[in-house]
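Subject: The model, with some notes

Hi,

Here is the structure I promised to pass on.

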Amino acid sequence: MRGLPVTLAARDVILGVEGVSLAFGGVRALTDVSFSVRRGSITAVIGPNGAGKTSLFNTISGFYRPRSGNVVFDGRSLAGTAPPERARLGLARTFQNIALFRGMTVLDNIKLGRHAHMRTGLLDALVYRGRARREELELRAEIEERIIDFLEIQHIRNAPVATLPYGLRKRVELARALAMRPRLLMLDEPVAGMNREETEDMARFILDVKEEWDVTILMVEHDMGMVMDISDHVVVLNFGQVIAEGSPAAVQVDPAVVAAYLGAGDLGRRLSGPEAA
Amino acid sequence: MRIGTLKTDYAADEALFDTRLQKLLILLACAAAVLFPFVASPYWLFLACLCAINVASATGLNILTGYTGLVSLGQAAFMSVGAYTVAVLEIHAGTPFLLNLLVGGLLTALVGIGVGIPSLRVKGLYLAIATIAASVVLHFVFAHWPLTGGMQGLSMPPARLFGLALDQPFQLYWLILPVTALMVLGAANLFRTRVGRAFIAIRDRDISAEVLGIPLLRYKLMSFAVSSFYAGLAGGLWAYFFRVVTPESFPLVNSIFYLAAIIVGGMGTILGGILGAVFMTMVPELLKFVAGLVTPFYPDALALLAPVRTIVFGALIVGFLIFEPHGLAEIWRRIRRFFHLWPFRT
Ligand SMILES: Nc1ncnc2c1ncn2[C@@H]1O[C@H](COP(=O)(O)OP(=O)(O)OP(=O)(O)O)[C@@H](O)[C@H]1O
Ligand SMILES: [Mg+2]
């Protein structure tokens, strides 16, 4: 069974992944992957280790060029669009292994997120008058008021990221993604390695981002409790193929999904929830 | 002593010199720079000009290597482009010196962009080799092109301001120092904006920089352009200072000198470029002084100066890389921190 087939009106779809296949030499990381992300939803991509989730994100970001298939963002094909241009269109993401700039402060890391939407050129920058100054001060004020307060990271704004604990780094990376003015926010394992409390905080932030920022969320996550709690739609990958998709409740009892996770030991237990274990 | 800083608004927080102590220090430094020529001997003025020229060039290299992470051993060759441009313009066109400097800088920036094109593909050692190759090519061109006077090089007239020839260190000081100060200020400004942040992002993790919307090639070339623009200006100042430009004026070892200056001073900090360039310019003078002291007891001391100088440079680079990788700038920060908290914590 392929879960519930979902048909969406074209204008409801913010991201369409259409028959994407990707291979690294002989390794088939993705095979004919197709699914749609509904505007304003939280869509989760789950699957055992090595299923191809991060590869899927990298294909959507434009790092990897699919062997076949296409990614459509907001009705526009992204084929031939370089990663920086995709960022400018409103595709923002965080990384599974956190890709903050260690030599910079939290504030500078967040400011970097806005790069694509700023206009300051080299000459403006050298003199730091007029546009450069105005743009920087506006950015600073907006980051302070909308992002730093929202994510409760006032106390670390001037700290170098290298000094921060893991959970806070994940939060700073989310802050930087928010500074990108995202329309689709892709989170690769946002709560991996977090304790219960940190996970709950992050889940709350993700829900708030969706509500208050009008941002669609596509996330990869292994924490099934969190996936089931906050997502509207779940896509299940296994060995690079979509084996099911649908509502969290439907996917959880899908035999194909259960079978895929049974082979995955610990994850199988996580899928059925800690109580059942 | 200074306890905490109370920031009233973001503009104050984003300012270049944000504490009163910093502002005071800068004012004092400016005042000292203005008074210096009136009290210093020509020898010290000569050294001050040389330091300023080296600060300008090292700051440029710091933008490329320290901030953007692209290692270059072509800074001296880039300077030669600026120096020759200024000399040719001064000899054949007689245009105003500020214009000549600017043209020299821009032309060097173009050359820098050309040399930087491989930087999208090659990094680290390979890029360094590519910049050495470019240096060799430039040397060859200058040594054989009739316009640049072959191996003899070019002797040029001094810069002129309202008919007055700027040919003494005292007069040149007023040309070189302000230009260098503006260049350093420009570099500091750069890193308050998205352009400078993009450079640092490329240095730290170029792949995720791309996902943040930073086109790598464009910014790498921009970094090469700014850095070589700085080298070109510094080379132009050098030409006005020495007034003879030959193919041997800017040997490869000078490129190593600038790299050493930013390593010793502190890569990726504006202060590092300044401190490193001044320090490295003064080391040979210090050695000369020491050699002078020991000559009465050891008459061959002066002959040993050149090899000792090279050894000391090498030792400084290795020493800083091992014991103080963040350079003199970090030592300065530690001193400041000490006095901020003093006498409460030492
Ligand atoms: N750059 C690469 N080069 C070669 N093979 C790769 C590369 N990236 C991923 N793979 C392979 O592709 C497959 C999918 O990996 P991917 O990282 O996308 O999995 P994942 O679902 O994100 O796993 P995890 O849950 O462990 O993060 C794996 O077999 C992996 O070894
Ligand atoms: Mg992954």
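First, some ground rules. This is a predicted model, in which local features need pLDDT of at least 70 and side-chain atom pairs count only at pLDDT 80 or more, while totals for chains, interfaces and linings use all residues. Residues are numbered from 1 along each chain as its sequence is written, chains are lettered from A and ligands numbered from 1 in the order in which they are written, and side-chain values use heavy atoms, with hydrogens and water left out.

Chain A is divided into domain 1 (1-90 + 182-277) and domain 2 (100-181); the bounds come from an automatic or database domain assignment. Taken over C-alpha atoms, the centres of these two domains of chain A are 27 Å apart. Domain 1 of chain A gives 22 residues to the contact and domain 2 of chain A gives 16.

**The magnesium site**

The magnesium ion (ligand 2) is coordinated by T54(A) through OG1 and Q96(A) through OE1, at 1.9 to 2.1 Å. Donors here are N, O and S atoms within 2.8 Å of the metal (3.2 Å for Na, K and Ca), and water is not among the atoms, so sites may look incomplete. T54(A) lies in helix α1 (residues 53-61) of chain A and Q96(A) in the loop between β6 (91-93) and α3 (106-112) of chain A, so the pair ties together parts that are 42 residues apart in sequence. Helices (H or I, at least four residues) and strands (E, at least two) are DSSP runs, numbered from the N terminus.

T54(A) is partly exposed at 25% relative accessibility, and Q96(A) is partly exposed at 34%. Buried means under 20% relative accessible area, exposed over 50%, and partly exposed in between (1.4 Å probe, protein chains only).

**Two residues to look at**

E173(A) is in helix α6 (residues 166-179) of chain A and is buried, at 2% relative accessibility. Leaving out residues up to four places away in sequence, E173(A) touches T94(A), F95(A), I98(A), A99(A) and L100(A).

N238(A) belongs to strand β9 (residues 233-238) of chain A and counts as buried at 15%. Beyond four places in sequence, the contacts of N238(A) are P48(A), A51(A), I243(A) and A260(A).

**Aromatic rings**

Over all chains there are 22 aromatic pairs. Rings of Phe, Tyr and Trp (its six-membered ring) pair if their centres lie within 6.5 Å; planes under 30 degrees apart count as stacked, over 60 as edge-to-face and the rest as tilted. F257(B) and F313(B) form a tilted pair, 5.8 Å centre to centre with 55° between the planes. Both F257(B) and F313(B) are buried.

Also in chain A, the charged end of R146(A) sits over the ring of W213(A), 4.1 Å from its centre. That term needs NZ of Lys or CZ of Arg within 6 Å of the ring centre and within 35 degrees of the ring normal.

Best wishes

Conventions. Contact = heavy atoms within 4.5 Å.
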